[in-house]
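Please consider the following points on one strand, its pairing partners and a disulfide. The sequence and structure are shown first.

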Amino acid sequence: MTIKQAVILGTLALTTMMSPSGSEDIVADHVGTYGTNVYQTYGAFGQFTYEFDGDELFYVDLEKMETVWRLPEFSNFTKFETQSALRNIVVAKRNLDILIKNSNFTPATNEIPEVAVFPKSSVTLGLPNTLICLVDNIFPPVINITWFYNGHSVVEGVAETTFYPKSDHSFLKLSYLTFLPSTDDFYDCRVEHWGLDQPLLTHWEPEIPTPMSELTETVVCALGLAVGLVGIVVGTVLIIRVLRSGGASGRRRTT
């Protein structure tokens, strides 16, 4: 990625908020963002997405000219005409070209992305899992995300989301890597972005509790047994003392 490249970004979205009526202060219970159009000059990149409550419903693959549902099951209930998205991208590009020609603009600040790597579910050795590399605070939406396995670049088993737009006009992106947990393996997610002076490498390796050795198990069992025996002895002594003190007080009352 060339750090010195410049980018001009245009966005257009229609947002609908749904909330109960009768309240002075409108607080949305649900927010639907329909047709978020993003087009920028770098790489002639465009994106068209539909979201509900911050979760992507689908996006349109502009190269393959097809709708890609976040969950394939969604396509069983409704359809979306991809030509509508393509027309919107063309309009966004035309509008952006006009703005560039007729406006004096100041390049936007390249934000520093924030990266976190974590597994999709609890890690168990030998059971397939998925690593997630979450990249937040992305602006502009131009980024490279690369996975490394034991120091070597990985391309198989890798998947990415589109750029998720946020309310502060930055973006979020997720990258996934399927893997088989092992104590000898480690993984890294490398992020390249114009807001970074150098690529950011985030390390992850499984944190598996170290099993106790046979000697440790034996010592623990012996200690447990010893504590149990001490408890039995102490309890027996206390019972005998109580019985003796009870018998003595009974004899004194008789005398």
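1. A residue is called buried when its relative accessible area is under 20%. The model discussed here is predicted. By that cut-off, seven of the nine residues in strand S12 (residues 171–179) are buried, and the strand is mostly covered.

2. Strand S7 (residues 129–138) pairs with S12 in the antiparallel sense, over eight bridges. Within this pairing, Cys-133 has Ser-175 of S12 as its bridge partner.

3. Strand S10 (residues 158–160) is also antiparallel to S12, and the two pair over three bridges. Here Val-158 is the bridge partner of Leu-177 in S12.

4. Strand S11 (residues 164–165) pairs with S12 over two bridges, again in the antiparallel sense. Tyr-164 is bridged to Leu-172 of S12. S11 and S12 form a hairpin with five residues between them. In the turn, His-169 has a positive phi of about 75 degrees.

5. The structure holds one disulfide. Cys-133 and Cys-189 form this bond, with their sulfur atoms 2.0 Å apart.

6. What is the handedness of the disulfide between Cys-133 and Cys-189? The torsion about its S-S bond is about -85 degrees, so the disulfide is left-handed. Both Cys-133 and Cys-189 are buried.

Note on methods
Residues are numbered from 1 along each chain as its sequence is written. This is a predicted model: local features need pLDDT of at least 70, side-chain atom pairs count only at pLDDT 80 or more; totals for chains, interfaces and linings use all residues. Side-chain values use heavy atoms; hydrogens and water are left out. Buried means under 20% relative accessible area, exposed over 50%, partly exposed in between (1.4 Å probe, protein chains only). Helices (H or I, at least four residues) and strands (E, at least two) are DSSP runs, numbered from the N terminus. Two strands pair if DSSP finds at least two bridges between them. A disulfide is a pair of cysteine sulfur atoms within 2.5 Å.
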